[in-house]
Amino acid sequence: MIILAIESSSRIRSVAVVERSAASGAGEVLGMVSDGGSRDLTTVRLIEQAIRSSGVARRSIDRIAVALGPGSYTGIRAAIALVQGWYLAQPVELVGVGTAECLVAQARALGWHGRLAVVLDAQRGQCYHAVYEVDASACVLKVPLAIREPGVDPIEAGPVDLHVGPDVQKFFSHGKTLVPEAGTLGKLAAECPEVVLPGGLTPIYLRE
């Protein structure tokens, strides 16, 4: 299976092409491109470059994964609209992946283990915050995503070893900057058993 992954929830957008192994179900990145935060390239151009660098044909894409955030609401909605248009022209499997899931998977791949808090900008001086227990074998959610005040971990989380996120130092000065990548998004989508219809792709947005 060939998967196209679109990550547009942060200031640095990226697109990757991932191949899922029929034997193991694991994903391997065939090609990935990023705009580096410049916004000089449209998402369509990033897709074209990622497909070209992977060496696969556009018609070979079986599944598209898109980041659902939380994050840049405009970027996420634009990516979802693009994917919905693709589906109308060429039906494929669709998967939505939360940005917090993507970040904690990247942290685990980097060997950042322990109790990790994923922190994302929620605007209005607040942050999205979720806590995971991470080791070499798994990432286990301990405290679900919620909007919180900066610099404050939920009591039920217990001691947090590390805070990570694209703009984490705005909220926790000692945190490590980590930007979600389409390659990780595609690998998570390769292991996802659930696909959705185009209308099922909805941005994660916790405010009423």
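Trainee: On what basis are residues numbered, and which pLDDT is needed for local features?
Mentor: Residues are numbered from 1 along each chain as its sequence is written, and side-chain values use heavy atoms, with hydrogens and water left out. In this predicted model, totals for chains, interfaces and linings use all residues, side-chain atom pairs count only at pLDDT 80 or more, and local features need pLDDT of at least 70.

Trainee: In what order do the strands of the open sheet that contains β1 stand?
Mentor: Helices (H or I, at least four residues) and strands (E, at least two) are DSSP runs, numbered from the N terminus, and two strands pair if DSSP finds at least two bridges between them. This open sheet has five strands with mixed pairing. Its edge strands are β3 and β5, each of which pairs on one side only. The order is β3-β2-β1-β4-β5.

Trainee: Which residue of β3 is the bridge partner of valine 15?
Mentor: β2 and β3 run antiparallel and are joined by seven bridges. Within β3, the bridge partner of valine 15 is valine 33.

Trainee: What angle does the direction of α4 make with that of β1?
Mentor: Axes are lines fitted to C-alpha atoms, for helices over the stretch in contact, and angles run from 0 to 180 degrees between N-to-C directions; contact means heavy atoms within 4.5 Å. α2 packs on the sheet by touching β1, β4 and β5, and its direction makes about 160° with that of β4. α4 also packs on the sheet, touching β1, β2, β3, β4 and β5, and its direction makes with that of β1 an angle of about 135°.

Trainee: Why is α4 described as largely enclosed, and how many of its residues are buried?
Mentor: Buried means under 20% relative accessible area, exposed over 50%, and partly exposed in between (1.4 Å probe, protein chains only). The buried residues of α4 include Ala182, Thr184 and Leu185, and their cover includes β1, β2, β3, β4, β5 and α3. α4 is largely enclosed by the rest of the structure because the buried residues number seven of the nine.

Trainee: Which residue in β9 stands opposite alanine 117?
Mentor: β6 and β9 pair in the parallel sense over three bridges. Both faces of β9 are covered, with Leu162 and Val164 buried on one side and His163 and Gly165 buried on the other. The residue opposite alanine 117 is histidine 163.

Trainee: What is the volume of the largest pocket?
Mentor: On a 1 Å grid over the protein atoms alone, a pocket is an open set of points where a 1.4 Å probe fits, with protein on both sides within 12 Å along at least five of seven lines; lining residues have an atom within 4 Å of a point. Grid points are joined across faces, edges and corners, and a volume is the space filled by probe spheres set on the points. For the largest pocket, the volume is about 520 Å³.

Trainee: Which element gives the most to the lining of the largest pocket?
Mentor: Of the 19 lining residues, the closest to the pocket centre are Ala105, Thr184, Lys187, Leu188 and Glu191. β5, α3 and α4 each supply at least two residues of the lining. The element that gives the most, with six residues, is α3.

Trainee: Where is proline 70 placed?
Mentor: The peptide bond from glycine 69 to proline 70 is cis, with omega near 10°. Most peptide bonds are trans. Proline 70 lies in the loop between β4 and α2.

Trainee: Is arginine 124 buried or exposed, and what is its relative accessible area?
Mentor: Arginine 124 is found in the loop between β6 and β7. Its phi is near 55°, a positive value in a residue other than glycine. Arginine 124 is exposed, with a relative accessible area of 67%.
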